[in-house]
Amino acid sequence: MEYDAYNGMDLDATGPRVTIRNTNDTSIDFILGNTSLALANSLRRTMLAEIPTLAIDLVEVETNTSVLADEFIAHRLGLIPLSARNIDEMLYTRDCSCDDYCNNCAVVLTISALNRGGSENMKVFAKDMQVQTVEGQPIERWPAGHLHTNGLGAGDEKPLPNRGHPILQDDHQNGSLICQLRKNQEVKVRCIAKKGIAKEHAKWAPTAAIGFEYDPHNKLRHTTLWFEADAQAEWPETKNAKWEDPPAEGAPFRYDDEPEQFYITLEGTGVLPPDAILHSGIRTLQAKLAGVIQELGKAGGQQDGLDGGASPMDGMVNGGGTAYGATSAYGGQSSYGQDPGYQTPAYGQGSVYGGGAVTPYGSRPY
């Protein structure tokens with residue numbers, strides 16, 4: 001089927017088209033056509049690294065008498081996939097007005113496990129984590145009024161639990177194994193989950209892998225196939241080859257051809273449905289492109305203002321303060337003018353991030 005969501009997408013015959021070939025609870029296989037390699041690859045990279053999700057970012061260890069070090073357990077906790085349901089309603093900690101963290105930017109998960117006896121090891125799974133608000137109020141796994149049986153909802157196949165709850169995809173609904181405890185060993189920790197993107201850390205990645213292919217017949221010769229005897233026998237074509245016509249025998253090579261159809265297979269980690277990852281990737285890419293267009297518009301406006309005196313470059317063009325004259329754009333006097341002192345905002349009296357007071361990375365904790 002053709003992608004028809006979001007009014008911002010161009011549905012014209014010349015615009016990008018998405019054809020979904022297969023989808024399930026964790027993966028989606030689709031074809032992106034009528035677009036350029038740059039745009040298709042940008043979408044792939046956006047889905048890999050710039051879609052916001054939820055992951056444990058702070059771990060407060062109260063008791064740990066297991067054989068694993070505190071840092072080892074904290075690392076394992078950070079990689080547990082957590083539900084990112086309604087993640088757009090959550091704020092980044094850096095954008096929140098709270099002093100440390102609050103319900104608008106964080107979810108709290110706790111573990112309190114003690115092996116009181118027995119010769120066998122006690123296994124602690126992700127399902128044993130208790131999810132609650134910052135004030136300590138428990139958060140139910142499923143939304144109020146949600147009908148479910150063994151994790152399956154009515155009317156949809158595996159809906160996401162409430163935000164912050166671990167994703168349980170194994171047959172026994174245990175989730176990730178955190179640690180094992182012998183007799184009288186105990187683990188008691190408090191975890192703070194925050195919103196982030198995989199560009200900051202891989203634990204926020206919504207995808208496990210993304211397959212990306214174009215030109216399965218290698219008609220464009222972007223790939224050089226090494227072979228010993230027969231290239232076709234040693235390099236079998238993928239399933240995507242049947243979606244394109246093979247090159248005609250003896251057809252001349254056109255070096256200026258460009259790929260227009262891209263085969264993408266997305267496998268999610270379960271924190272978001274695969275179609276939601278695709279939609280979020282398109283929205284994020286649209287927002288990034290809109291920002292570029294806006295900045296280019298500002299630059300174009302400055303250029304148009306050269307004759308009207310509204311551009312900051314007017315002084316240079318009209319003979320006023322140039323980089324080699326009386327004044328410099330970097331503070332007070334130019335290094336080529338009357339005063340050779342290098343008094344720039346970055347190295348002089350004040351900082352470009354707030355007049356010398358604090359920088360964005362020192363004003364408050366992340």
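Helices (H or I, at least four residues) and strands (E, at least two) are taken as DSSP runs and numbered from the N terminus. In these terms, Asn34 sits in the loop that links strand 2 (27–33) to helix 1 (37–49). The model is a predicted one. The chain holds five helices and twelve strands.

Some totals describe the chain as a whole. Of its 366 residues, 34% are buried. The accessible surface of the chain is about 22400 Å². Carbon and sulfur atoms account for 51% of that surface. Contacts between residues at least 6 apart in sequence were also examined. Of these, 70% join residues at least 24 apart.

The largest nonpolar core contains 44 residues. Within this core, Met47, Leu77, Leu109, Met129 and Ile178 touch the most other members. The core lies between two domains, because domain 1 (14–51 + 206–239 + 258–295) and domain 2 (54–139 + 160–198) both give residues to it. A second, separate core has eight residues, among them Cys102, Ala106, Val108 and Ile192. In soluble globular proteins, nonpolar side chains tend to be buried together.

Apart from neighbours within four places in sequence, Leu77 is in contact with Ile56, Val59, Ile111, Met129, Ile178, Val189 and Cys191. Leu77 is also one of the buried residues of helix 2 (residues 70–78). Seen down the axis of helix 2, the buried residues fall within an arc of 135 degrees, so they line one face of the helix. An α-helix has 3.6 residues a turn, so residues three or four places apart point the same way. The exposed residues Glu71 and His75 are carried on the face of helix 2 turned away from its buried side.

Most residues other than glycine have a negative phi. Asn34 is not a glycine, yet has a positive phi of about 55 degrees. Asn34 is partly exposed, at 38% relative accessible area. Arg221 is likewise not a glycine and has a positive phi, of about 60 degrees. Arg221 lies in the loop between strand 11 (207–214) and helix 3 (231–234). With a relative accessible area of 56%, Arg221 is exposed.

Another loop residue, Arg182, is placed between strand 9 and strand 10. Arg182 is exposed, with a relative accessible area of 56%. Arg182 and Asn115 are 67 residues apart in sequence. In space, their C-alpha atoms are 6.3 Å apart. Leaving aside neighbours within four places in sequence, Arg182 is in contact with Asn115 and Asn121.

The cysteines were checked for disulfides. A disulfide is a covalent bond between the sulfur atoms of two cysteines. The cut-off used here is a pair of cysteine sulfur atoms within 2.5 Å. By this rule, the count is zero. For Cys98, the closest cysteine sulfur is that of Cys96, at 3.5 Å, which is too far for a bond. Cys98 is buried, at 15% relative accessibility. For Cys105, the closest cysteine sulfur is that of Cys98, at 3.7 Å, again too far for a bond. Cys105 is buried, at 0% relative accessibility.

Terms used:
Residues numbered from 1 in each chain as written. Predicted model: local features only at pLDDT ≥ 70, side-chain atom pairs only at ≥ 80, totals over all residues. Heavy atoms only, no water. Core = buried A, V, L, I, M, F, W, Y, C linked by side-chain atoms within 4.5 Å. Buried < 20%, exposed > 50% of the residue type's maximum accessible area, 1.4 Å probe, protein only. Domains from an automatic or database assignment. Contact = heavy atoms within 4.5 Å. Arc of directions from axis to C-beta. Areas by Shrake-Rupley, 256 points an atom, 1.4 Å probe, with all protein chains shown as cover.
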